[in-house]
Amino acid sequence: MKVWIPHPAGRRLLGELPAGVTVELLTDPARLPSSPSGVRFWVPPFLAGPDAGALLAELPDLAVVQLLSAGADAWVGRVPDGVTLCDARGVHDSATAEWVVAAILSALRGFGPLARAQARREWAYDEVAPTDELAGKRVLIVGAGSIGAAVRARLAPFEVSFTLVARTPRPAEEVHGVDELPALLPEADVVVLLVPLTEQTRGLVDEKFLAAMPDGALLVNAARGPVARTSALVAELASGRLRAALDVTDPEPLPADHPLWELPNVLLTPHVAGSVRGLLPRAYRLVGEQVRRFAAGEPLVNRVVDGY
């Protein structure tokens, strides 16, 4: 069988593969490495745009689409019947958790204003100090999956308290359901969004959600841009009542004239939480395991069901 991958380094990172498996490099959908016939396993590029899915119609023997991203929203509903869609759950836990911790600390300790002052060569102590701090904060993690667990583990030494929310409540683990958010938000100093983008989570952060957050609270979005309603987000942040750290936006990339760029209480990064040097080794370790499972007729892990 043929396996198509998007990165040259992937060949060596896959590990040993069974006899009969041919790995080919597909970096440009307009220039296929060989005939599409026989391609059973396809790994699209990381953070592939909406055009990448057009190739699905050209792969008559495709059985598995293995994503390199934890989110599968761009692919749900587009994969043909009979083709298994798998995400990269677990691959991005450490990197995304690091970004969340860095973003929270940067926002609370005023690194944004300080960086701008540095660019002006200004000693901005009187402008920024005293800053806020993370110690003692109440952190609400919306999305209690593997990334949520990684965020909690990394934030635990900072003397914070936690509340976790998931699609389905897990009382034994003290995980609340999404329907409890209206009662939980007023008690949160920091709200971290880590949910996948589905029809249920699209627009989850709306006017009511933001209004329920207490004055001065910090919203951290490391999920997907459309999880938050942009118009509501801009209106609330423009008032100065809340703060935000955003790695994702809607639209994305964010246009140069968008008002989010100008708000002093917003920290923006260009969807880089998972883009670290360790990504490819971790991702292709998973891909190699999946290829070996598929070749042996074993069940695949990280199958996407109902958008998750």
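The model is predicted, so local features need pLDDT of at least 70, side-chain atom pairs count only at pLDDT 80 or more, and totals for chains, interfaces and linings use all residues. Residues are numbered from 1 along each chain as its sequence is written, and side-chain values use heavy atoms, with hydrogens and water left out.

**Overall build**

- The chain holds nine helices and 12 strands; these are DSSP runs numbered from the N terminus, with helices (H or I) of at least four residues and strands (E) of at least two.
- The C-alpha trace spans about 65 × 50 × 35 Å along its principal axes.
- Of the 308 residues, 47% count as buried, where buried means under 20% relative accessible area, exposed over 50%, and partly exposed in between (1.4 Å probe, protein chains only).
- Among contacts (heavy atoms within 4.5 Å) between residues at least 6 apart in sequence, 59% join residues at least 24 apart.

**Annotated region**

- UniProt, in an unreviewed entry, lists residues 101-273 as "domain: D-isomer specific 2-hydroxyacid dehydrogenase NAD-binding"; such annotations may be inferred rather than shown by experiment.
- Residues 101-273 are 29% helix and 17% strand, with the end C-alpha atoms 11 Å apart.

**Arg170**

- Arg170 is in the loop between strand S7 (161-166) and strand S8 (175-177), and counts as partly exposed because its relative accessibility is 27%.
- Beyond its neighbours within four places in sequence, Arg170 contacts Ala144 and Val175.
- Arg170 and Ala144 are 26 residues apart along the chain, and their C-alpha atoms are separated by 9.8 Å.

**Backbone geometry**

- Most residues other than glycine have a negative phi, and most peptide bonds are trans.
- The Ala129 to Pro130 peptide bond is cis, with omega near -5°, and Pro130 is in the loop between helix H4 (125-128) and strand S6 (138-142).
- The Asp250 to Pro251 peptide bond is also cis, with omega near 10°; Pro251 is in the loop between strand S11 (243-246) and strand S12 (266-268).
- Arg121, not a glycine, has a positive phi of about 60°; this residue lies in the loop between helix H3 (111-119) and H4 and is exposed, with a relative accessible area of 80%.
- Asn302, not a glycine, has a positive phi of about 60°; Asn302 is in the segment after helix H9 (279-295) and counts as buried at 13% relative accessibility.
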